[in-house]
Amino acid sequence: MRIEKDMKLADVIHHDFNLIPVINRFGIQLGFGDGTIEQICKEQNVNTAFFLLIINTYHDPQYFPKKHLQSFPAGSLVAYLHNAHEYYLEQKIPEIKKLITKLTEESDEKHKDNFKLALNFFEEYERELTAHIDREETSVYPYVVELEKVIETGATPKKVLARMQSYSIADYEDEHENVEEKLYDLKNLIIKYLPSVQKDVISYKILRELFDLERDLREHARIEDMILVPKVEAMEFTIRKMS
Amino acid sequence: MAGKISIVLIEHSYLLRAGMESLLMELPEVQLTEVFDGSEKRLAEKILHLKPDFIMINPKSVRDSLNSFIRSLGNEVPLTGLIDENTPPEIRGKFKHILVITDSKYDLLNRMHKLIGTHYTKKSDSHESRPLSERETTVLKHVTQGMTNQEIAEKLFLSVHTVTTHRKNITKKLGIKTVSGLTVYALLNKVIDMREINQ
């Protein structure tokens with residue numbers, strides 16, 4: 001389904017409730033009433049076209065944004081991605097960690113060490129994800145915001161040009177490392193190799209969270225590759241022509 | 001993408017393409033990786049590059065070049081023919097599986113479920129479901145001790161290539177890709193104990 005501006009946001013959420021954390025990243029919270037997407041975006045001061053671009057990309061893996069949809073401020077995209085990062089690090093990861101800790105506590109004495117291994121493994125994943133996100137937040141995003149400023153003011157500082165030559169967004173696409181592998185491993189450890197606890201009630205919750213996080217991260221990476229990268233490439237191109 | 005079965009579709013008719021897309025949407029375990037209309041240059045090469053689990057093709061979409069197309073794909077990926085009642089048997093016979101496009105939705109989905117099932121059973125008959133061999137267990141042990149492929153090769157008097165193959169097979173059998181994941185597995189299954197990884 002293609003989500004359009006004159007659809008009611010409530011209907012869209014009924015159709016795909018995985019979009020709840022996504023609308024949260026725009027500052028839109030549940031209890032938003034009966035309005036259409038356009039009305040609610042206006043109330044919340046959100047760029048409607050950009051909102052639609054993101055939720056459609058997120059909702060439909062086959063959706064491929066067209067070139068003319070690239071005319072939104074790079075700043076809003078960076079803000080969106082930043083909020084998503086916060087959601088992963090401050091909500092999702094602690095939630096899963098709490099569940100794995102609980103699993104450890106409720107397991108038989110003789111299995112406790114096994115679950116501690118799983119917990120250590122997850123903490124290692126957390127460190128890797130945090131490092132990856134830090135790199136984006138401190139290196140890639142400031143560069144993106146800087147490029148937009150250059151285009152707005154028309155002045156090209158040497159610093160930016162030098163950076164464009166030494167590091168362009170194409171490199172970012174290459175180094176966009178795969179943070180999914182460890183999640184995949186953890187799922188298999190729980191499904192195949194760790195002992196069962198409490199009729200699997202907690203394990204099921206953990207797996208649900210892991211599948212959910214994995215899907216969210218996948219869509220996040222897709223938004224970066226399909227929206228952020230082309231946007232920045234277009235800005236880099238404009239700046240090269242300017243100078 | 002971990003876990004999903006990837007399908008490539010070759011179909012020149014817009015309506016049939018859209019119909020197949022919407023049918024595949026009803027199967028959550030499946031992902032339609034790419035759609036071609038059959039007229040693309042070097043089609044087989046492009047498809048092999050995508051490494052799909054299944055290829056679905058309407059033989060009419062590649063017309064006369066069907067034979068050379070099938071040949072250039074090799075035997076790696078099972079071909080599913082999208083055919084109708086008038087498709088001659090010699091063309092039907094070229095496909096591992098068939099879908100009859102005039103069937104009802106119910107029948108089509110049923111067929112699709114069976115088809116997807118073959119993907120999993122194929123996996124479990126092969127070597128992948130057996131436990132690790134003695135050699136693989138030794139390689140696993142060294143991997144968890146932080147040794148590189150080169151170091152393992154020297155230690156076990158194997159070529160680096162052989163070590164790489166062992167590692168690929170270990171990952172396939174266990175479903176675990178990272179070194180730290182393999183370490184957890186090895187500890188859980190007493191292939192190594194805590195003291196050994198700290199060496």
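Across the interface of domain 1 of chain A and domain 2 of chain A, seven residue pairs are in polar contact, with both residues of each pair at pLDDT 80 or more. Please keep in mind as you look around that this is a predicted model. Here is a short tour of that interface, starting with the two partners.

**The two domains**
- The domain assignment of chain A places domain 1 at residues 9-67 and domain 2 at residues 73-242.
- Domain 1 of chain A and domain 2 of chain A each bring 16 residues to the contact.
- Taken over C-alpha atoms, the centres of domain 1 and domain 2 of chain A lie 21 Å apart.

**Buried area**
- About 1400 Å² is buried between domain 1 of chain A and domain 2 of chain A, and carbon and sulfur atoms give 64% of this area.
- On the domain 1 side, the residues that lose the most area to domain 2 of chain A are A:R25, A:F50 and A:Y58, which together make up 48% of what that side buries.

**The salt bridge**
- The count between domain 1 and domain 2 of chain A is one salt bridge.
- A:R25 and A:D216 meet through their side chains in a salt bridge, at 2.9 Å from N to O.

- Two elements of chain A, α2 (20-24) and α4 (48-59), each give two or more residues to the side of domain 1 that touches domain 2.
- The largest share of that side comes from α4(A), with five residues.
- Sorted by class, the side of domain 1 of chain A that touches domain 2 has 11 nonpolar, three polar and two charged residues.

Conventions: Residues numbered from 1 in each chain as written. Chains lettered and ligands numbered in written order. Predicted model: local features only at pLDDT ≥ 70, side-chain atom pairs only at ≥ 80, totals over all residues. Heavy atoms only, no water. Domains from an automatic or database assignment. Contact = heavy atoms within 4.5 Å. Buried area = accessible area lost by both parts, 1.4 Å probe. Salt bridge = Lys/Arg side-chain N within 4 Å of Asp/Glu carboxyl O. Polar contact = N/O pair within 3.5 Å; in protein donor to acceptor, adjacent residues only side chain to side chain. Helix = DSSP H or I, 4+ residues; strand = E, 2+ residues; numbered from the N terminus. Nonpolar A, V, L, I, M, F, W, Y, C, P; charged D, E, K, R; others polar.
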